[in-house]
Amino acid sequence: MMSDSALIRLSGITKTYGRGQAAFQALKGINLSIGAGDFVAVMGSSGSGKSTTMNILGCLDVPTSGSYLFQGVPVERLSRNQRTLLRRNFLGFVFQGFNLLARTTALENVELPLVYRGEPAAMRHAAARSALQQVGLEDWEGHSPAELSGGQQQRVAIARAIVTSPAVLLADEPTGNLDTGTSREIMELISAFNQKQGITVLMVTHEPDMAKYARRVIRFVDGRVERDSRDEGGV
Amino acid sequence: MLWNTLLLALRSIRRNLMRSFLTILGIVIGVAAVITMVTLGNGATQSVSDQISSMGSNLLMVIPGQRFGPGSGGAPSFKSADVDAVRNQISGAERVAPVVGTSATVVNQANNWSTSVTGSTSDFFPAGNWEMAAGRVFSETEERAGKAVCVIGETVREKLFGRQNPVGGEIRVKQFSCEVIGLLKSKGQSAMGHDQDDIVVMPLRTVQRRLVGSQDINMTISVRGASSIDAVKQQITLLLRERRNIGENQDDDFRVMDTRQIAETLTSTTKILTMLLGAVAAVSLLVGGIGIMNIMLVSVTERTREIGIRLAIGALEREVLLQFLIEAVVLSSLGGLVGIALATGASLFLAGLMGVPYIFDPAINLVSFLFSAAIGVIFGFFPARRAAGLNPIDALRHE
């Protein structure tokens with residue numbers, strides 16, 4: 001039995017796409033428990049179910065069956081709006097494709113989650129500036145994504161994800177579109193937020209080099225957890 | 001939340017200037033076209049009825065026959081005795097002018113001009129709402145004697161005398177020469193488009209004897225201000241039926257027309273034209289709407305991703321929807337207002353060019369504004385609604 005103090009607990013999660021003959025079972029019963037402050041890398045070939053699991057963990061998608069407890073709250077029983085509020089208050093996202101708003105300055109992109117939280121303008125600006133500073137982009141706040149390099153865009157995305165001080169940072173192949181050097185910088189950054197601020201990090205990757213930054217590696221094969229290893233040494 | 005959402009919507013408009021501009025453009029053109037067409041149409045209608053009232057709104061015209069236009073169709077014409085009978089027996093008739101019309105070429109020195117020559121009495125001028133610009137009308141003596149005197153209209157003056165004062169001058173009409181004793185004040189074009197100033201008026205006898213050689217006449221009757229035109233028309237019809245021995249079962253062999261009737265016919269024509277123009281313009285508003293729909297659908301991929309991002313980082317579905325709704329309303333209203341402004345400018349300019357009055361029509365402004373707003377909201381909002389209903393992850397993956 002895993003500890004009940006786990007931040008996240010998945011039990012018997014399945015996910016089926018399509019119906020009838022065309023139905024495809026992407027997840028065939030996932031059991032997982034993730035403690036607060038951990039840094040978990042989720043690995044596996046494409047189609048192994050790792051991204052589906054991440055989307056369910058991020059409350060972006062719902063499982064077909066099974067139970068998902070987030071801080072003891074059964075997520076599968078939450079309404080769409082309640083899941084949104086959960087994302088708003090506890091989760092931060094970093095995507096492979098950055099997903100910044102086009103023609104929008106870095107500062108405004110970082111501010112966006114705070115706007116939806118209803119924070120006053122002055123607080124938003126201060127928090128967004130501070131977040132940009134933490135990712136080393138304090139001099140780029142007025143630039144739109146088109147004027148930034150891939151690495152810089154991902155830094156803005158990270159700043160947007162951590163500006164709300166989330167409990168969990170979900171990163172879906174954050175270095176997938178970046179070269180090796182830039183990838184390392186991004187991983188250092190994510191690692192630093194995990195260590196200094198205690199933000200739990202869940203990261204999907206298929207690059208073993210990037211998985212080395214994590215303390216725990218979960219490997220998916222064909223919709224099941226094949227291996228769950230902990231490297232206490234870390235990086 | 002509302003204030004924040006409004007800010008988000010305005011930011012989004014500012015960010016997507018090109019898209020916003022194209023969206024607005026369709027509405028602007030549509031609204032401007034509809035309002036301009038209808039406003040000009042209303043102006044034209046007004047101008048027609050103005051011109052008709054310049055003829056005198058209390059005027060009756062009596063012609064033999066049932067057809068509108070020349071030729072009596074075999075019906076006997078009216079004679080001077082009919083004029084006297086109407087004048088003496090119909091109390092509501094203020095002025096009764098016998099009218100004989102013909103066309104002739106008039107000459108002054110080297111200038112000649114083909115015009116219409118009207119024979120009448122001095123009653124013709126007040127009955128027809130004519131005023132004198134210079135000189136005088138003919139006297140009773142001149143009428144009785146059938147003297148060769150005439151009053152000419154502005155167009156005839158211009159063709160024969162240029163800018164000179166014609167009063168005291170002479171014009172030749174067919175075999176005789178005729179002294180110009182007066183100049184009529186210009187009335188401009190009639191409602192039917194003919195030049196009312198292209199006229200030469202002579203005493204009735206002069207025209208009868210020297211130009212047409214018959215005693216046949218028509219009548220122009222002005223009705224006293226206080227009397228009902230319909231009642232006077234009725235009385236005249238009864239009197240003339242009696243004088244012409246028309247049996248009870250027989251139809252009139254003459255017509256009593258009043259200017260109001262003519263006015264109604266003509267204004268109803270221009271109103272129909274206005275509606276036609278408005279309908280054509282409404283099509284352009286519709287096309288503008290389809291343009292908006294196109295732009296919205298083209299941008300739906302980008303918008304869907306944007307909605308996915310917003311949902312993922314914690315925007316509620318209703319917040320996203322409200323933002324897009326506000327965006328659509330702001331854009332459409334802006335387009336509507338710009339369209340109204342443009343239409344006002346264009347209407348003022350074109351009304352001046354066409355010489356019709358500018359009449360502001362609040363109803364059409366409001367209707368086209370609301371219509372454009374509805375188009376913008378429908379086409380801007382519904383694609384967004386579909387996207388906001390997606391799972392965030394599907395919206396993010398949208399290609």
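The buried residues of α10(B) are covered by elements of both chains, including α2 (80-90) and β6 (91-94) of chain A together with α11, α12 (362-388) and α13 of chain B. The model is a predicted one.

**Helix α10(B)**

- α10(B) is mostly covered, with ten of its 13 residues buried.
- The buried residues of α10(B) are B:R303, B:T304, B:R305, B:E306, B:I307, B:G308, B:I309, B:R310, B:L311 and B:A312.
- The length of α10(B) fits its residue count, because 13 residues at 1.5 Å a residue should span 18 Å and the end C-alpha atoms are 18 Å apart.

**Contact between chains A and B**

- On chain B, 19 residues are in contact with 19 residues of chain A.
- Four elements of chain B give two or more residues to the side that touches chain A: α1 (2-15), α10 (300-312), α11 (317-354) and α13 (392-397).
- α10(B) supplies the largest share of that side, four residues.
- By residue class, the side of chain B that touches chain A divides into eleven nonpolar, four polar and four charged residues.

**Chain A as a whole**

- Chain A contains seven helices and ten strands.
- Of its 235 residues, 47% count as buried.

- Strand β1 (residues 8-17) and strand β2 (residues 24-34) of chain A pair in the antiparallel sense, over eight bridges.
- Within this pairing, A:K15 stands opposite A:L27 in β2(A).
- Six residues lie between the two strands of the hairpin, and A:G18 takes a positive phi near 75 degrees.

**Strand β3(A)**

- Strand β3 (residues 39-44) of chain A has six of its six residues buried.
- Both of its faces are covered: A:F39, A:A41 and A:M43 are buried on one side, and A:V40, A:V42 and A:G44 on the other.
- β3(A) runs parallel to strand β8 (residues 200-204) of chain A, and four bridges join them.
- In β8(A), A:M203 is the bridge partner of A:A41.
- β3(A) also runs parallel to strand β9 (residues 216-221) of chain A, through five bridges.
- In β9(A), A:F220 is the bridge partner of A:G44.
- Not counting residues up to four places away in sequence, A:V40 touches A:I34, A:V201, A:L202, A:M203, A:A214, A:R216 and A:I218.

**Nonpolar cores**

- In soluble globular proteins, nonpolar side chains tend to be buried together.
- The largest nonpolar core here has 122 residues, and those with the most contacts inside it are A:V40, A:V42, A:A159, A:L169, A:L202 and B:V31.
- Helix α2 (residues 17-54) of chain B gives the most to this core, 15 residues.
- Another core, of 49 residues, lies apart from it and includes B:V86, B:I90, B:A127 and B:I152.

Conventions
Residues numbered from 1 in each chain as written. Chains lettered and ligands numbered in written order. Predicted model: local features only at pLDDT ≥ 70, side-chain atom pairs only at ≥ 80, totals over all residues. Pairing = 2+ DSSP bridges. Contact = placed C-beta atoms within 7 Å. Nonpolar A, V, L, I, M, F, W, Y, C, P; charged D, E, K, R; others polar. Buried ≥ 20, exposed ≤ 12 C-beta atoms within 10 Å, placed from the backbone. Core = buried A, V, L, I, M, F, W, Y, C linked by C-beta atoms within 7 Å. Expected span 1.5 Å × (residues − 1).
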